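Reader: Could we go through this model together, starting with a contact question?

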Amino acid sequence: MLAEKAELHPTYVGQIEGGEVNPSLKTLDKIANVLKVKVPELFPFHIPKTPTTEKEQIIEEILMLLQLFDTKRLTLIKQIMELLKRWE
């Protein structure tokens, strides 16, 4: 059990998992060690850089929209993009 191996109370680990509490760096380090990962790997989300050009802004907006689609629709969007690329 993660809590036991990290020497943390199971309720506290549940609160961390549920986003109810913010763990200290020391606690995150304990959890990462038990999981055999580095602390940043506990946070696999993408932090976008601030777009500097209009093109970068459009790309960032498209990426955010793509996250809303399921695999079937993403496949269709990919096919459409491949067709558009051929028309250049």
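Reader: Which residues does Thr 27 touch, not counting residues up to four places away in sequence?
Author: Thr 27 touches Leu 8, Tyr 12 and Ile 16 on that count, where contact means heavy atoms within 4.5 Å. This is a predicted model, in which local features need pLDDT of at least 70 and side-chain atom pairs count only at pLDDT 80 or more, while totals for chains, interfaces and linings use all residues. Residues are numbered from 1 along each chain as its sequence is written, and side-chain values use heavy atoms, with hydrogens and water left out.

Reader: Is Thr 27 buried or exposed?
Author: Thr 27 is buried, at a relative accessible area of 9% (buried means under 20% relative accessible area, exposed over 50%, partly exposed in between, with a 1.4 Å probe and protein chains only).

Reader: And where is Thr 27 placed?
Author: Thr 27 sits in helix H3, residues 25–35; helices are DSSP runs of H or I with at least four residues, numbered from the N terminus.

Reader: What about Ile 31, then: what does Ile 31 touch beyond four places in sequence?
Author: Ile 31, which is also placed in H3, touches Leu 2, Ala 6, Leu 8, Ile 16 and Leu 42. The C-alpha atoms of Ile 31 and Leu 2 are separated by 7.4 Å, although the two are 29 residues apart along the chain.

Reader: How buried is Ile 31?
Author: Ile 31 has 8% relative accessibility and counts as buried.

Conventions: Helix = DSSP H or I, 4+ residues; strand = E, 2+ residues; numbered from the N terminus.
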